[in-house]
Structures are given as C-alpha cells and as structure tokens.
Amino acid sequence: MFFGGLVAAQQVGKTAIALPALSADLGLDLRSGGWVMAVFGLLGLFASMPAGALVARLGDRSLQVAGLAAMALGSALGSQAHSLQALLATRVLEGAGFLLFAVAGASVLQRLSKPQDRNTVFAIWSCYMPAGMALALATGAALDGWRGYWELNALLCAAAAAVLWFGVRGAQTPAAPAPWRQTARDALAVAGARGPLLLALVFALYALQFYAMLSFLPTLLMQRMQVSAADAGLLSAVAVGSNVIGNLAAGALLRRGAQRWVLIALASAAMGTSAVGAFALGLPAPWVFALCVLFSMAGGLLPASTIGGAAQLVPSPALIAVAVGLLMQGSYLGQVIGPSLFGSVVQAAGWPAASIPVALAALGAIAAAFALRRSFAHEAARG
C-alpha cells in the first residue's frame with residue numbers, strides 16, 4: 001500500500017521538477033506554472049467530501065485501485081499534451097484519481113490496524129506524500145524530457161493499481177451499507193462539526209505553505225544558487241524528503257502522549273519563521289536552502305497529527321473516510337490557492353515578498369491549533 005502512496009505522490013511532485021521544461025515547451029510563465037500545479041487540486045476542492053461518502057458507501061480498496069487507474073490514464077494523456085489547456089485537463093483527471101486514493105487510504109489503514117498502533121501507522125502512512133514528492137524531484141530531471149517522465153509515471157500507476165488489488169486483503173465493501181440519504185446526513189454532520197472543521201482549516205493552511213514554497217523550490221535554487229536542473233532536483237528532494245523525519249517524529253511523540261494541538265502549533269510556528277528567514281532576510285543561498293529543509297522537516301509534524309486526529313473526532317469508524325475527505329478538501333484548498341498565489345506574488349514583487357502569504361498562513365494555523373485544544377481534551381485526559 002505504501003508503494004501505491006509513493007507512486008501517487010509522484011504525480012504531485014513531478015510538475016515541480018518539470019516546470020522549467022514545461023515552460024520551455026509550452027511557453028509558461030511562473031503564474032501559469034502555478035496553475036499547472038494548482039489545478040491538480042481543483043476537483044478535490046469540490047469533491048473531497050463526496051469522495052469520502054462514496055468510500056463509506058462503496059468500499060475502500062476498490063476505489064483506491066480506481067484512483068490509481070485514473071492517475072495512470074491522466075499521466076498517459078498528459079504526455080501527449082501540446083497546450084496549456086490540454087495539460088490542465090489531464091491534471092484534473094490525475095487529481096480526481098489522487099483524491100480517491102488518498103481518502104480511501106485512511107479507511108483501509110483504520111480497518112487493518114490495531115487501535116494501539118494507529119498513531120504509528122498513520123504517521124508512517126503520512127510519509128508517502130513527502131517521500132513520493134522527493135522521489136519525483138530526485139529522478140525527474142535525470143530523464144530526457146518531461147513527456148517520457150509522464151509516460152513512466154503512467155506505467156508506475158498502472159503497476160501500483162495491480163499490486164494494491166492483489167496485495168491488500170480484507171473486506172473492501174461495507175457488510176450492510178447505509179442508505180444514500182443516511183450517508184449524506186452523516187457527511188453533513190461531520191462537515192458541520194467544530195473539530196473536523198478546524199482540522200480541515202489547519203490542513204488547508206499547511207498545504208498552502210508547503211506546496212507554495214516547495215513547488216517553486218527547484219526554480220528558486222536554479223536562480224539563487226545557479227545549479228543545474230538535475231542538481232536542483234536532488235537538493236529539492238532532500239528538502240521535501242526531510243518532511244518524512246517530522247512525520248515519524250510526530251508518530252513517536254503522539255505514542256508518548258504528546259498533544260496533537262501542541263504539535264500543530266509548533267510545526268506552524270517553525271514553518272512560518274523558516275519561510276520569513278529564507279525569503280525576506282537576504283541570506284546567502286546555502287542558508288536559504290537550510291531553512292527550506294527546516295521548513296519541511298518541522299512541517300512533517302502536522303500531517304501525522306491531523307490525519308490521525310480526524311479518526312479520533314468521528315463517532316464511528318464508518319465516518320472516518322468522510323472526515324478524511326473534509327481534511328483533504330482543506331488540503332486541496334491550500335494546494336489550489338498556494339502555488340498560484342505564491343507564483344503571482346513572486347512574479348509581481350520578487351522572492352522576498354513570498355514570505356508574506358506563508359507567514360500569514362502560519363499565524364492562522366497557530367490560532368486554529370489553540371482552538372483545537374477542547375476537541376482533543378479527551379486525548380490529553382487519557383495521556
């Protein structure tokens with residue numbers, strides 16, 4: 001299953017390293033490049049909650065496989081795109097597939113894992129995104145042309161779908177699915193609950209910062225450090241991959257009784273501070289890169305805290321996919337706004353101005369973390 005996550009995450013990370021080649025081939029500027037990355041989340045912005053309800057109704061494994069198949073088709077069609085509009089359309093298809101895969105994944109893990117192991121399981125699972133993005137950044141620039149990379153990813157998605165279908169056992173559909181009307185009522189109840197809504201807001205602000213800053217990191221490194229595309233990809237992979245350390249650290253800390261809202265607040269504060277230092281202080285390029293690594297590493301505390309937290313804030317396991325769907329909706333909102341906003345700010349005012357939207361998002365996430373204290377009070381009492 002983790003292999004499927006790595007492959008799925010590569011569909012997110014591949015555009016960042018391919019942006020210079022895409023710009024040369026299709027004539028894109030930074031603003032257009034931001035939309036190429038942001039459009040991946042457009043469908044998820046509106047369909048994450050329905051996708052969670054669909055998983056609750058139809059089952060998790062089959063929809064995970066369908067998601068990987070959609071990503072395979074989107075990547076294959078994207079390799080033949082010769083205009084911005086065509087590429088954007090294929091990215092929407094890939095985004096739909098990723099949405100099904102990610103929302104169903106939490107349900108599969110909740111079903112297959114033991115209660116005492118779930119903090120660790122969700123921490124490891126949350127590593128698939130930074131690990132897959134890092135893999136894409138490290139390998140993408142080494143291939144000859146972005147079209148071949150898209151074709152390779154289509155094959156990988158198809159292979160991951162086969163592995164997941166034959167490798168993940170257990171019931172894949174509910175034994176007695178609730179009526180559609182009941183499923184819709186449950187979804188609306190989760191969407192209106194204070195705790196899940198705050199988690200979705202936190203994840204939106206995290207995604208805005210993470211995808212905005214790290215999507216443009218290869219371009220920043222090539223401009224500031226005068227490195228090649230391949231070297232920029234490797235350095236960016238180190239930065240993005242350091243997020244894994246934060247995810248695993250969050251799992252260990254939660255297992256030892258750390259409070260989720262504290263980890264969220266600390267991660268957000270470190271991300272905001274690192275971003276301001278990287279962009280606004282005019283530091284030498286190696287220091288900028290070091291701050292980007294710190295930004296990513298500290299940010300890793302947040303996904304494990306929020307994804308596992310979503311499972312704690314619903315009254316029944318059947319609603320976990322719905323809660324994760326709401327969380328993903330917040331993530332997609334940040335993915336849509338972040339890269340396009342970041343690209344527009346840099347295009348208009350230069351790299352130093354990029355610290356402003358990231359710092360504001362960090363402050364908002366800290367405020368939301370403090371508001372989550374009451375929602376997670378039961379965990380603090382148990383610890």
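Residues are numbered from 1 along each chain as its sequence is written, and side-chain values use heavy atoms, with hydrogens and water left out. Because the model is predicted, local features need pLDDT of at least 70 and side-chain atom pairs count only at pLDDT 80 or more, whereas totals for chains, interfaces and linings use all residues.

The structure contains 3 salt bridges, a salt bridge being a side-chain nitrogen of Lys or Arg within 4 Å of a carboxyl oxygen of Asp or Glu. In one of them, Glu-94 pairs with Lys-14, and the closest N and O atoms are 2.9 Å apart. This pair connects distant parts of the chain, with Glu-94 in helix α5 and Lys-14 in helix α1, 80 residues apart. Helices are DSSP runs (H or I, at least four residues), numbered from the N terminus. Glu-94 is buried, since its relative accessibility is 0%, and Lys-14 is likewise assigned as buried at 0%. The classes are defined by relative accessible area: buried is under 20%, exposed is over 50%, and partly exposed lies in between (1.4 Å probe, protein chains only).

Glu-94 also forms a salt bridge with Arg-91, at 3.4 Å from N to O. Both residues belong to helix α5, where they are 3 residues apart, about one turn of the helix. An α-helix has 3.6 residues a turn, so residues three or four places apart point the same way. Arg-91 is buried, as is Glu-94.

Asp-25 is partly exposed, with a relative accessible area of 40%.

Helix α8 (residues 146–167) comprises 22 residues and should span 32 Å at 1.5 Å a residue; the 31 Å between its end C-alpha atoms agrees with this. The expected span of a helix is 1.5 Å times one less than its number of residues. The buried residues of α8 are Trp-146, Arg-147, Tyr-149, Trp-150, Asn-153, Ala-154, Cys-157, Ala-160, Ala-161 and Leu-164. Because these residues cover an arc of only 150° around the axis, they lie on the same side of α8. The arc is that of the directions from the helix axis to the C-beta atoms. Leu-155, Phe-166 and Gly-167 are exposed on the other side of α8.

For helix α14 (residues 260–280), the 21 residues should span 30 Å at 1.5 Å a residue, and the end C-alpha atoms are 30 Å apart, in agreement. Just after α14, Gly-282 adopts a positive phi of about 65°.

A search of the whole structure identified 0 disulfides, a disulfide being a pair of cysteine sulfur atoms within 2.5 Å. Cys-127 is buried, with a relative accessible area of 3%, and Cys-292 is buried at 0%.

At the surface, Phe-2, Ile-124 and Leu-248 form a nonpolar patch with about 250 Å² of accessible area together. Patches are made of residues with over 30% relative accessible area and no salt bridge, like charges being joined within 9 Å and nonpolar side chains (Val, Leu, Ile, Met, Phe, Trp, Tyr) within 5 Å. Accessible areas come from the Shrake-Rupley method with a 1.4 Å probe; for residues, only the protein chains shown count as cover. Phe-2 is located in helix α1 (residues 2–26) and is partly exposed, with a relative accessible area of 32%.

Two contacts between separated positions were also examined. Leu-100, in helix α5 (residues 84–112), is buried at a relative accessible area of 18%. Leu-100 and Val-65 are 35 residues apart in sequence, and their C-alpha atoms are 8.6 Å apart in space. Arg-374 occupies the loop between α18 (355–371) and α19 (377–382) and counts as exposed at 62% relative accessibility. The C-alpha atoms of Arg-374 and Gly-195 are separated by 8.5 Å, although the two residues are 179 residues apart along the chain.
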